[in-house]
Amino acid sequence: MTYLRNQPYEDKDFPAFAAIRKQFGFLPNFFPAQTLRPDFVDTEINLMAAILFKEGALSRRQKEYIFLVCSAANLSTYCVTAHCEIVRMMKLEGPEPEQIAIDHVHAKIPIADKALLNFCAKLNSQRSKTGSSDVEALRTYGFSEQQILEAIVTVGFAQFANTVAFGLGTVPDFENRRIAEELGKARAGSRESAVPAVG
């Protein structure tokens, strides 16, 4: 389940796991992979609750879409697979979550949501090229300051979760052939482009 040698744990020592099971319908491998530091687990669950679960200026659907788009861009098969299932289990209306993760631009979602996801994708992949004009563009679609703040923090949380999942070697909770194939192709393409030309 992970690269680390975790000790067996008992649910009674991790009461927050019950809340996660209730929220998602399952306990993501991401959390048991970190039981060596219960304080990390508790802090991450509280952070996730504040950013993703709590009703805020953005809807839960919008925040899940941000998480999917960023995780797919970061080639995090674990996080994309988990959140595709979470979107389904929560019965969030909209296109298939795989469509959002792989190609949100052509998904049947409101134009304002596409603008939001475009902004988040740029912030995720081109942080140093994101500036005030990008934020101003979101305002033209009617996004409030609080909504923009929530979007930015959700991008940061997705990057954090992706990094931890990669570092731990967390095994996906579900099989999702489409995501595995699409992100596998992207991973192979990025490796090929990283090989220096011989000549």
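Guide: Helices (H or I, at least four residues) and strands (E, at least two) are DSSP runs, numbered from the N terminus. This is a predicted model, where local features need pLDDT of at least 70, side-chain atom pairs count only at pLDDT 80 or more, and totals for chains, interfaces and linings use all residues. Residues are numbered from 1 along each chain as its sequence is written, and side-chain values use heavy atoms, with hydrogens and water left out.

Visitor: What makes a space a cavity?

Guide: On a 1 Å grid over the protein atoms alone, it's a set of points where a 1.4 Å probe fits but cannot get out; lining residues have an atom within 4 Å of a point. There is one cavity of 30 Å³ or more here, and the largest cavity holds about 140 Å³, a volume being the space filled by probe spheres set on the points, which are joined across faces, edges and corners.

Visitor: Which helices supply at least two residues each of its lining?

Guide: Helix H2 (38-53), helix H4 (77-89) and helix H8 (145-168) do, and H4 gives the most, with five residues. The lining has 15 residues, with Phe30, Phe31, Met48, His83 and Ala161 nearest the centre.

Visitor: Why is asparagine 124 called buried?

Guide: Buried means under 20% relative accessible area, exposed over 50%, and partly exposed in between (1.4 Å probe, protein chains only). Asparagine 124 has 3%, so it counts as buried. This residue is found in helix H6 (residues 111-125). Beyond its neighbours within four places in sequence, asparagine 124 is in contact (heavy atoms within 4.5 Å) with Cys70, Ala73, Asn74, Val155 and Gln159.

Visitor: How many aromatic pairs are there?

Guide: The structure holds 10. Rings of Phe, Tyr and Trp (its six-membered ring) pair if their centres lie within 6.5 Å; planes under 30 degrees apart count as stacked, over 60 as edge-to-face and the rest as tilted.

Visitor: Why is the pair of tyrosine 9 and phenylalanine 17 called edge-to-face?

Guide: Their ring centres are 5.5 Å apart and their planes lie at 85 degrees, so the pair is edge-to-face. Tyrosine 9 is partly exposed at 31%, while phenylalanine 17 is buried at 0%.

Visitor: What makes the pair of phenylalanine 67 and phenylalanine 157 tilted?

Guide: Here the planes are 50 degrees apart, with 6.1 Å centre to centre, and that pair is tilted. The pair links distant parts of the chain, with phenylalanine 67 in helix H3 (residues 60-73) and phenylalanine 157 in helix H8, 90 residues apart.

Definitions and conventions:
1 Å grid on protein atoms, 1.4 Å probe; cavity = no way out; pocket = protein on both sides within 12 Å on 5 of 7 lines; lining within 4 Å.
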